[in-house]
Amino acid sequence: MIRPALGAAIALAALTLTPAMPAGALPDPASAQQSYMAQRAAVPEAKAAAVRTAVDMAPLARPTLRVPFRCNETWSGASRSGHSPSYYAIDFNYGSGTADLGKPVKTSASGTVMRSAYDAGGYGNYIEIAHGDGWRTLYAHLQSRAVGVGATVTDSTQIGRVGDTGNVTGPHLHYEQIKDGVVVAALFGASTWAVYPGPSSYSRGYDC
Ligand SMILES: [Zn+2]
C-alpha cells in the first residue's frame, strides 16, 4: 500500500511542478552563462599574443596607470601560472592575514565605469573602467562597489573596498590592465613594470 501511494505522490509532484513553473522562473540566460572571468579567459591565445606585441612596440601610447591604492601604502603583487583569466593579472595583498579586507581601492587613471557588477563564478564584485583607445582596468573580489556603470572617475576616486567575494581563498585585490580585451603586462606610472610572477612591492608614488 505504501509503495504505490508514495510513487503516485512523487509522480503527482513531478506533474504539478513542471507545468506550474512559469516562464519567469526559468534561469536567467545571463546568469546561466559562464562567468565574466571565464569569458575573458577564453580570448584566443593568438589574438592575445598579437595585442601584447603591439602594446610592447608602442609603450608611449599607453595611458599612465597608477597603483590602485592610497598613498603611503605598500602592497605586495603577484601572479602565478594558471591565474585566471591571465598570467598577467595581479593579485594584491596588504599586510598579513586579512589586513587588506576593507582597504580602499582607487582607480589607476581617470575614465568611465563600463561594468560594476557581481560575477558569481569568478570575479565576485568587480568594476571595469575604460580609459580610452581600448585601454581598461579591472578590479575584482571587492567587498563593496562605490561607483556604478556610466560614472566618470578620476585616479583619486575611491571605487570600492578590498574584499573576498567570488572565487577566492582569502581577501585580495585582483587587478588587470587590459588593451582591446587582452590582459597585458602591467606598467605603473611611466616606468614601474610589474614583476612576474612576483611577489614584488608596489606603492602609489605621486601626488601624496
Ligand atoms: Zn587574481
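Here is a short walk through this structure, from the overall make-up to a few individual residues. The model is a predicted one, in which local features need pLDDT of at least 70, side-chain atom pairs count only at pLDDT 80 or more, and totals for chains, interfaces and linings use all residues. Residues are numbered from 1 along each chain as its sequence is written.

Let's start with the whole chain. The protein chain holds 4 helices and 14 strands, where helices (H or I, at least four residues) and strands (E, at least two) are DSSP runs numbered from the N terminus. Of its 208 residues, 32% are buried; a residue is buried if 20 or more other C-beta atoms lie within 10 Å of its own, exposed if 12 or fewer, and partly exposed in between, with C-beta atoms placed from the backbone. Among contacts with a separation of 6 or more, 65% are between residues 24 or more positions apart, a contact being two C-beta atoms, placed from the backbone, within 7 Å.

The largest nonpolar core has 34 residues, and Val 105, Tyr 126, Ile 127, Tyr 139, Leu 142 and Tyr 175 touch the most other members. Such a core is a set of buried Ala, Val, Leu, Ile, Met, Phe, Trp, Tyr and Cys residues joined through C-beta atoms within 7 Å. Elements giving two or more residues to this core include α3 (36-41), β5 (124-132) and β10, while β6 gives the most, with 5 residues. Leaving out residues up to four places away in sequence, Tyr 175 touches Pro 68, Ala 89, Ile 90, Phe 92, Leu 138 and Tyr 139.

Next comes His 174, in strand β10 (residues 173-179). His 174 counts as buried because 25 other C-beta atoms lie within 10 Å. Beyond its neighbours within four places in sequence, its contacts are Ala 89, Asp 91, Tyr 123, Ala 140 and His 141. Of these, Ala 140 is 34 residues away in sequence, yet the C-alpha atoms are 5.0 Å apart.

Strand β1 (residues 75-78) has two partners. It runs antiparallel to β14 (residues 200-202), with 3 bridges, and antiparallel to β2, also with 3 bridges; strands pair if DSSP finds at least two bridges between them. Ser 76 is bridged to Ser 201 in β14, and Gly 77 to Phe 92 in β2. In a regular strand the side chains alternate between the two faces of the sheet. In β1, Trp 75 and Gly 77 form the covered face, Ser 76 and Ala 78 the uncovered one.

Finally, look at helix α4 (residues 45-57), which is hardly covered: 1 of its 13 residues is buried.
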